[in-house]
Amino acid sequence: MKKVCFIYPHITSYILPLLRGMAEGCKLDVVYSPAPIKAGFGEHKLFNHPNITWTKLRTIFPFGKYFGMYQMGIIIHILKFRPDIIVIFSNPRYLSFWFILFLGKILKIEVYPRGHGLVKKKKPSKLIKLVYRIIIGLSTKYLCYTVSVKDSLSNIAKEELLLVDNNTLYNSLPVIPKEKTGCESGIFFIGRLRERCGVEELINAISILRLQRRNNIELHIIGDGPLSDIVVSKTLENQWIHYYGQIFDNSKINEISKMCRIGCYPGDMGLSAVHMFSL
C-alpha cells in the first residue's frame, strides 16, 4: 500500500470525506496547521481511521501574512515519513510549498499540487505565468479544482500535466423538494464571512426590500470569519436578521435552511454554491 502525504494549510469540513475516501486505498498522513482565530475555517473533530495519521504543524510568518509563510518542521517530517506521493495545496506564497517541490525532485517523490491555477487572474502577468510554469515543471502533475482552472493553464503547460480533480463537498442530509412549501419567507446565506463575500450588500438589499413593505422577508446567516463582528452588530440592530455563527452539524443546517426559499451569496462564491444546491 502506497504512502501518501496530504499537506494543507487548514482542515476544512468539506475535505474530511475526501480524506476518508483516500484512506481506503493508501496509508495517509494528513499534515495541517491550526486555523487562525476568526478565519472562518473552525476546529473540526478529526476521525480515527487505521490508515490515517494526523500531523499538526505550526505555520510561521517571518515576512508577514502575505508572503513567505512556512509550516514548521515539514521537511524533517517528510524525510521521516518518506511518502511515495505528496498532495499539497498550491500556494506559491508559501516558502514551504517551494521547498517541498524541490525536495520531491531530489528524493524522486511524486508531488501533486492542487489549486486554482490562473483562473482568478483576469490578466495574469508574465511573471505569474512564469511562476506557474516553474510549479508545473517541478510537479508530477497539477490537480485543477475545475475544468476552468485547467483551461487557465492550457497555454503554459502540456495537457497531460493537468488533471481535473473537481473541488466539491458532500452533504449527508440534503433537503429534497417535497420538504419545502415554496412559500418560505427566509433568505439563506452560508459561507465564510470574509472580504468580497457580499454579506453586507445582502443585508442592505433586504433592508431596502423591507422599506418597500415586504416586511415578511428575513435573513438567516450561517458562517464565521473576519466580518462576523459586523454581522453581529447588524443582527442587534435588526430583528429580521438571524445569525447562527459557525455550524458544522448538517441536521441543524438542514432545519435552518427549511425556513428559506432563496439562497443568496452575492460575492465571490465557492463551495457555498454546491452547499446551497443540496439544500
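Reply:
**On the surface**

Phe 63, Tyr 66 and Phe 67 make a nonpolar surface patch of about 430 Å² (nonpolar side chains joined within 5 Å, each residue with over 30% relative accessible area and no salt bridge; like charges are joined within 9 Å). This is a predicted model, where local features need pLDDT of at least 70, side-chain atom pairs need 80 or more, and totals for chains, interfaces and linings use all residues. Residues are numbered from 1 along each chain, and side-chain values use heavy atoms, without hydrogens and water.

Where does Phe 67 sit? Its place is the loop between β4 (59–60) and β5 (70–71) (strands are DSSP E runs of at least two residues, helices H or I runs of at least four, numbered from the N terminus). Phe 67 counts as partly exposed because its relative accessibility is 48% (buried is under 20%, exposed over 50%, 1.4 Å probe, protein chains only).

Now the charged side chains. The whole structure holds five salt bridges (Lys or Arg side-chain nitrogen within 4 Å of an Asp or Glu carboxyl oxygen). One network links Glu 179, Glu 255 and Lys 258. Lys 258 meets Glu 179 at 2.9 Å, N to O. That pair links distant parts of the chain, 79 residues apart. Lys 258 lies in the loop between α8 (250–257) and β13 (260–263). Glu 179 lies in the loop between β9 (162–164) and β10 (186–190). Glu 255 also bridges to Lys 258, with the closest N and O atoms 3.4 Å apart.

How exposed are they? Lys 258 is partly exposed, at 24%. Glu 179 is partly exposed, at 31%. So is Glu 255, at 47%.

Another salt bridge joins Glu 159 and Lys 150 at 3.4 Å, N to O. Glu 159 counts as exposed because its relative accessibility is 57%.

Terms used: Accessible areas come from the Shrake-Rupley method with a 1.4 Å probe; for residues, only the protein chains shown count as cover.
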